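Subject: Structure handover and notes

Dear colleague,

I am passing on the structure below, together with some notes on what was found in it. Please read them with the model open beside you.

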Amino acid sequence: MDKGPMDKSPLEEGIVTDFAKEMSYGDYLHVNQLLSSQHLLSGHHDEMLFIIIHQTSELWMKLMLHELTAATEHITEGRLEPSIKMLSRVVRIQQQLVQSWNVLATLTPSDYMEFREKLGNSSGFQSFQNRLIEFALGQKNQQLLAVFRHRPELNETMMAALNQPSIYDAAIGALAARGLPVDEYVLNRDWSETYRINDSVESAWLTVYRDVHAYWDLYELAEKLVDIGSQQQFWRFNHMSTVERIIGHRMGTGGSTGVSYLKKVVDQPFFPELWTLRTKL
């Protein structure tokens, strides 16, 4: 069959083609390194899907932590406006992470069982970046550090994050900085503990929501945190439902109870007063 003449139109005059001594797109992004990091342990076609979903999720988590860390610093130093842009970006990142479960859900139980045993005891439960995100959002649990004892540098990073104020602690500090009364022990609590709901914090947020014009920046910050809390719960739910779809109620590869454990996690909300105040407005 005649396919017609090939397109031989020249490249635009300014396009660079000689990269013998110049940095290329692939060089800058280390594309060869990225694309050579998928090491399949089985001969099954769908193991590639499994690896890439988790690898790309870790990259998105890295960016999410980058933005959360910077936003927390801005809030702590009283610069709320630039933090809002960063938190908006976090929400978009979370949406990518939520969507990724829909791709993984194309993995059928029969296909997964073809390579599951190759995973050994490795599990998403051991994702240190996921733990750092939870710590950054205020849900802390020192017992989780036991999983990282074999990696001293990771254990040190996790311990440092455990003992730092979360982004919600920074937001509560911003309330106090604006003269809204917050209990002193909340402002100077043990940062290594999961945040617990507090009446004075709820009252302060209620003041913000009842006079949004006077506290617009704090109101906008609160709503961005609600967006992030919602998306994180969507991510958790999609994680749980995808796992249930693929392995049912089998024990997780890392020794957890699998779906039963994930269902308990879904019931742990972030930024509690930003949810309870809605009933009292």
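**What was found**

Of the 281 residues in the protein, 43% are buried, where buried means under 20% relative accessible area, exposed means over 50% and partly exposed lies in between, with a 1.4 Å probe and protein chains only. Please keep in mind that this is a predicted model, in which local features need pLDDT of at least 70 and side-chain atom pairs count only at pLDDT 80 or more, while totals for chains, interfaces and linings use all residues. Residues are numbered from 1 along each chain as its sequence is written, and side-chain values use heavy atoms, with hydrogens and water left out.

**The overall picture**

The C-alpha trace spans about 80 × 55 × 40 Å along its principal axes. Among contacts with a separation of 6 or more, 70% join residues 24 or more positions apart, a contact being heavy atoms within 4.5 Å. The protein exposes about 16800 Å², of which carbon and sulfur atoms supply 54%; accessible areas come from the Shrake-Rupley method with a 1.4 Å probe, and for residues only the protein chains shown count as cover.

**Helix H6 and its surroundings**

Helix H6 (residues 128–136) is largely enclosed by the rest of the structure, because eight of its nine residues are buried. These are Gln129, Asn130, Arg131, Leu132, Ile133, Glu134, Phe135 and Ala136. The buried residues of H6 pack against helix H3 (47–76), helix H7 (152–162), helix H8 (167–177), helix H11 (216–247) and helix H12 (259–266). After H6 comes Gly138, which has a positive phi near 105°.

A search of the whole structure finds one cavity of 30 Å³ or more, and the largest cavity holds about 50 Å³ of space. Its lining is made up of Met61, Met64, Gln94, Leu97, Asn130, Ile133, Gln232 and Trp235, and the elements that give two or more residues to that lining are H3, helix H4 (80–104), H6 and H11. The largest pocket, for its part, has a volume of about 1400 Å³. It is lined by 48 residues, of which His54, Ser122, Ser123, Gly124 and Phe125 are the closest to its centre. H3, H4, H6, H11 and H12 each supply at least two residues of the pocket lining, and the largest share, nine residues, comes from H3.

As for the terms, on a 1 Å grid over the protein atoms alone, a cavity is a set of points where a 1.4 Å probe fits but cannot get out, whereas a pocket is an open set with protein on both sides within 12 Å along at least five of seven lines, and lining residues have an atom within 4 Å of a point. Grid points are joined across faces, edges and corners, and a volume is the space filled by probe spheres set on the points.

**Individual residues**

Phe50 lies in helix H3 and counts as buried because its relative accessibility is 15%. Not counting residues up to four places away in sequence, Phe50 touches Leu104, Leu107, Tyr112, Phe115 and Leu119. Phe50 and Leu104 are 54 residues apart in sequence, yet 6.9 Å apart in space, C-alpha to C-alpha.

His239, in helix H11, is also buried, at 18% relative accessibility, and touches Trp101 and Leu262, with residues up to four places away in sequence not counted.

Which backbone angles deserve a look? Most residues other than glycine have a negative phi. Phi of His30, however, is positive, near 50°; His30 sits in the loop between helix H1 (25–29) and helix H2 (31–35) and is partly exposed, with a relative accessible area of 49%. Phe271 has a positive phi of about 55°, although it is not a glycine. Phe271 is in the loop between H12 and helix H13 (273–280) and is buried, with a relative accessible area of 2%.

With best wishes

Note on methods:
Helices (H or I, at least four residues) and strands (E, at least two) are DSSP runs, numbered from the N terminus.
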